[in-house]
Amino acid sequence: MNNLIFGIITLLLASIGYFYSWHFQKQGQYRSAIALMILSGLGLYFYVSADFFLHFWDERYHALVAKNLINHPLVPTLYDNPVLPYDYRNWSTNHVWMHKQPLPLWGIAGSMWLFGINEIALRLPSIILASTAIYLIFSVGSYLFDRKVGYLAAFLASINGLLITLVGGRTATDHVDVFFMFFILLAIYLSIQYIKKEQTIYSFLIGVSIGFAILSKWLPALIVLPIWVLLVWDSEKFNLKTILVQFVIILITLTAIFLPWQLYTFSVFPKESIWESSHNIKHLHESLDGHSTSIFFFFNRIRVNYGEYIYLPLAWFVWKVLKDSKNKKRLAVLIWFMIPFLFFSIAKTRMQAYILFTAPALFFMVAEFFFLLVRYKNERRFKWIFSIILALFVLLPIRYSIERLTIFELKDRNPKWVMDLRDLKKENIENGILFNYDHPIEAMFYTDLTVYPNIPKKKTITKLSHQGYKIIVNDDGNIPYDIYNMKGVLKVELTKATKD
């Protein structure tokens with residue numbers, strides 16, 4: 001279906017769903033309202049995920065490693081069969097791939113094992129987690145504030161442009177940050193369930209969820225711990241001994257979840273693990289991979305990702321916490337956002353999705369401020385001014401959401417270069433090596449070949465042929481004469497891959 005027609009239909013159906021969701025909310029029928037909101041969000045997520053090609057950063061790497069994990073879940077590899085020498089320190093061309101924690105990759109691998117190696121299966125875990133997060137945000141917001149705030153926060157999450165692009169793999173860090181946000185949010189949701197039901201099983205589940213978050217994107221997941229302490233303390237249901245015992249249970253559980261993988265990888269893949277560990281630390285004091293930005297990067301970026309007005313509710317919320325420091329729920333929300341915001345602002349390597357896991361806190365701030373303005377509007381003159389401001393609080397995120405969906409852009413969502421690679425896979429070439437293809441990561445995902453962007457010397461090709469490999473060269477019109485005329489070399493003409 002034409003991208004424009006498909007997009008308009010998706011947008012129309014989602015709009016109808018959101019309209020009736022708002023209608024049910026006005027009547028106090030929150031179960032129906034949230035169910036419709038989740039369905040509408042699902043429509044947007046599936047639309048953005050229907051790009052039938054791999055995106056340049058970082059999705060193609062995650063996709064290939066996940067594909068390889070299907071065959072060996074405990075050995076993450078990029079080049080599964082590196083026939084040429086490689087530098088284990090180069091995460092974009094190496095063999096054993098320790099560049100990211102394993103849980104999102106396992107999730108993607110599991111999805112592709114069930115549904116086949118394709119783009120929808122690749123993005124399906126993120127679709128499911130982002131859709132579930134809509135309910136979790138509503139539930140957490142309802143407890144911390146009220147159901148109206150929880151509902152509006154969930155709505156803002158469901159249409160958030162940054163989250164939409166991450167679910168679709170269209171922007172850097174993609175599915176990893178969706179997993180990370182989800183498990184931190186889930187841990188906070190489970191913390192509230194523990195407060196309500198006072199059952200130790202929830203402490204174990206909180207520890208599991210934090211452990212999963214660490215296995216998604218490392219130790220910033222520990223932000224849940226001070227939030228848990230504040231919420232449990234605020235409930236006034238538990239004495240100090242109980243709080244300490246439950247806190248220890250959470251710590252032991254999360255450690256039991258995340259530590260075995262670290263011990264295993266440092267034991268089995270010591271070179272790669274030590275290098276990646278030191279590389280991660282460099283993010284704090286070096287601008288890596290070209291991500292050199294100002295210390296005000298996140299301060300500036302939140303207006304794009306969460307609406308130009310974001311500074312008003314954020315400033316008001318900070319003022320409210322300072323004014324009433326006894327309100328531990330608000331303090332927990334502020335810590336949820338502010339500590340990661342300051343930490344990643346100070347770190348030298350900065351990317352917009354690094355603080356995605358704090359987004360629910362911002363949605364809560366905006367939603368509470370919105371209803372504050374509603375009350376002000378009803379009590380003051382010049383109501384039309386407040387009506388305009390309130391409308392912008394909703395329209396600006398909607399505008400950004402539509403921009404991120406790229407509905408009105410003419411684009412090929414099933415490009416020929418991908419079809420060429422799929423056709424090449426149908427040849428069922430065993431022990432094949434493809435040379436001279438400038439997007440080797442994508443080619444290795446769509447085929448079962450080992451792929452390199454350049455052509456090695458004739459001596460190397462001869463040696464590989466004697467070892468039983470089938471040599472394939474992409475004929476772009478620039479193959480060296482001595483290689484072109486070699487016996488046994490298969491020449492193919494593949495469409496040049498494009499970046500998104």
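Trainee: T165 has 6% relative accessibility, so is it buried or exposed?
Mentor: First, a bit of background: this is a predicted model, where local features need pLDDT of at least 70, side-chain atom pairs count only at pLDDT 80 or more, and totals for chains, interfaces and linings use all residues. Residues are numbered from 1 along each chain as its sequence is written, and side-chain values use heavy atoms, with hydrogens and water left out. Buried means under 20% relative accessible area, exposed over 50%, and partly exposed in between (1.4 Å probe, protein chains only). T165 comes in at 6%, so T165 counts as buried.

Trainee: Which helix holds T165?
Mentor: Helices here are DSSP runs of H or I with at least four residues, strands are runs of E with at least two, and both are numbered from the N terminus. The run covering residues 161-167 includes T165, and that helix is α7.

Trainee: Which residue has its backbone oxygen 2.7 Å from a polar atom of the T165 side chain?
Mentor: Let's look at the side chain of T165 from two sides. Contact means heavy atoms within 4.5 Å, and, not counting residues up to four places away in sequence, T165 touches R170, T171 and R404. The backbone oxygen at 2.7 Å belongs to L162.

Trainee: How are α10 and α15 oriented to each other, roughly parallel or roughly antiparallel?
Mentor: Two packed helices are described by the angle between their axes and the distance between the axes. Axes are lines fitted to C-alpha atoms, for helices over the stretch in contact, and angles run from 0 to 180 degrees between N-to-C directions. Helix α10 (residues 224-235) and helix α15 (residues 328-346) pack at about 175°, with axes 9 Å apart. Angles under 35 degrees count as roughly parallel, over 145 as roughly antiparallel, 65 to 115 as roughly perpendicular and the rest as oblique, so α10 and α15 are roughly antiparallel.

Trainee: How many residues of the contact of α10 with α15 are nonpolar?
Mentor: Residues in α10, including P226 and W233, meet residues in α15, among them L331 and W336. Ala, Val, Leu, Ile, Met, Phe, Trp, Tyr, Cys and Pro count as nonpolar, Asp, Glu, Lys and Arg as charged, and the others, Gly among them, as polar. The contact has no polar residues and three charged ones, and the nonpolar count is nine.

Trainee: In what order do the four strands of the open sheet come?
Mentor: Two strands pair if DSSP finds at least two bridges between them. Strand β1 pairs in the parallel sense with β3 over four bridges, and with β2 over two bridges. The edge strands, each pairing on one side only, are β2 and β4. That gives the order β2-β1-β3-β4.

Trainee: Which residue in β3 stands opposite L434?
Mentor: L434 and G432 point one way from β1, while I433 and F435 point the other way, and all are buried. In β2, the bridge partner of L434 is V451. Over in β3, the residue opposite L434 is I472.

Trainee: What is the phi of T173, which is not a glycine?
Mentor: T173 is in the loop between α7 and α8, and at 5% relative accessibility T173 counts as buried. The phi of T173 is positive, at about 75°.

Note on methods:
Polar contact = N/O pair within 3.5 Å; in protein donor to acceptor, adjacent residues only side chain to side chain.
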